[in-house]
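Trainee: I'd like to learn how to read sheets, hairpins and salt bridges in a model like this one. Can you walk me through it?

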Amino acid sequence: MDKEEQIFLKHLKDLADVCYRRDIPVYTDFLNLHEQTVFLSALPEFSHVRVFLDGGYDLAERKIVCFLPFWEKVNQESLRSGLPIVPIRISSSAGKFTVPCSHRDYLGAVLNLGIERGKIGDFIVGDGWAYVLCVKNMEDFLLRELSSVKRNPVHCERADFSELEGRQKFTEITGTVASLRMDALLGLLLKTSRSKASEYLSGEKVFVNGKLCVSNSAEPKEGDIISVRGCGKYIFDSLLAETKKGRLMIRARKYD
């Protein structure tokens, strides 16, 4: 664990200690995948409090950590409704003149307001609209200040968590690989050769669950989120079967 990760983990321990000493719920900002990995690797050190991770909907990538006293009995549904997370719907007001916008366009428009990245969770982007998750103390500012994305005038309003489920769209990918190695899987996902996939790895462009991956022989696990800088983000779903020729049939999904 490097120095930056140690400082980050100490901050989380301080929050957990506040929860334990004061007997109150305490929450982090949104954590990226790498930060979540660092936290989960040290989970036994947080045994004095109850711990939940949630990002506002079931497929959320960026999540907050909730530290709760042991006396507070909640299930996932009631926990989510009490989180300091607010879903906001962003809608284009340009009608048929709406310019298509990507995840990067929405993220850039929000961060250009001066909001820190940790205050913002996932974006779910559709045709002329997007949902963004933010921490509660950013809600009023975002509703008031976000007026345009790319060249589109936009209207923002608070949404309900129930609107988020099923909104994230994926393209399913199935195919065969010679072995369950990262270079082979990337070759299938990116529709390229294993040698080209190796270049993405050695070029430090591949992240698995937010952590840099440079090993050709790394073996992905079901549920891993694989991000390739400049190429997209994927979920490795499952190993389906082995063909008669010994190749492995796999299924994955690409975030649209």
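Mentor: Let's start with a strand pair: strand β4 (residues 85-92) and strand β6 (residues 129-135) run antiparallel and are joined by seven bridges. Within that pairing, S91 has W129 in β6 as its bridge partner. Keep in mind that this is a predicted model, where local features need pLDDT of at least 70, side-chain atom pairs count only at pLDDT 80 or more, and totals for chains, interfaces and linings use all residues. Residues are numbered from 1 along each chain as its sequence is written, and side-chain values use heavy atoms, with hydrogens and water left out.

Trainee: What counts as a strand, and what counts as a pair?

Mentor: Strands of a sheet pair through backbone hydrogen bonds, either parallel or antiparallel. Here, strands (E, at least two residues) and helices (H or I, at least four) are DSSP runs, numbered from the N terminus. Two strands pair if DSSP finds at least two bridges between them.

Trainee: In what order do the strands of the open sheet come, and which strands are at the edges?

Mentor: Five strands make up the open sheet, in the order β5-β6-β4-β8-β7, with antiparallel pairing. At the edges sit β5 (120-125) and β7 (148-149), each pairing on one side only. Helix α4 (residues 103-111) packs on this sheet and touches β4, β5, β6 and β7, its direction making about 140° with that of β5. Contact means heavy atoms within 4.5 Å. For the angle, axes are lines fitted to C-alpha atoms, for helices over the stretch in contact, and values run from 0 to 180 degrees between N-to-C directions.

Trainee: Now hairpins. How many residues lie between β12 and β13?

Mentor: Three residues lie between β12 and β13 in their hairpin, and G230 in the turn has a positive phi of about 85°. Strand β12 (residues 225-228) pairs with strand β13 (residues 232-242) over four bridges, in the antiparallel sense. In this pair, I226 stands opposite Y234 in β13.

Trainee: And what happens on the way from β13 to β14?

Mentor: There's another hairpin, with five residues between β13 and β14, and G246 in its turn has a positive phi of about 85°. β13 and strand β14 (residues 248-255) run antiparallel, joined by seven bridges. E242 stands opposite L248 in β14.

Trainee: On to side chains. How many salt bridges does the structure hold?

Mentor: Twelve. A salt bridge is a side-chain nitrogen of Lys or Arg within 4 Å of a carboxyl oxygen of Asp or Glu. Take K211 and E5, whose side chains meet at 3.6 Å, N to O. This pair links distant parts of the chain, with K211 in strand β11 (residues 211-212) and E5 in helix α1 (residues 3-22), 206 residues apart.

Trainee: Is E5 buried or exposed?

Mentor: E5 counts as buried because its relative accessibility is 12%, while K211 is partly exposed at 38%. The cut-offs are under 20% relative accessible area for buried, over 50% for exposed, and partly exposed in between (1.4 Å probe, protein chains only).

Trainee: What about a salt bridge inside one helix?

Mentor: Look at E199 and K196, with their closest N and O atoms 3.5 Å apart. They are three residues apart in helix α7 (residues 194-202), so about one helical turn separates them. E199 is partly exposed at 47%, and K196 is partly exposed at 35%.

Trainee: Which residues form a network?

Mentor: R181, D183 and R194 are linked by salt bridges into a network.
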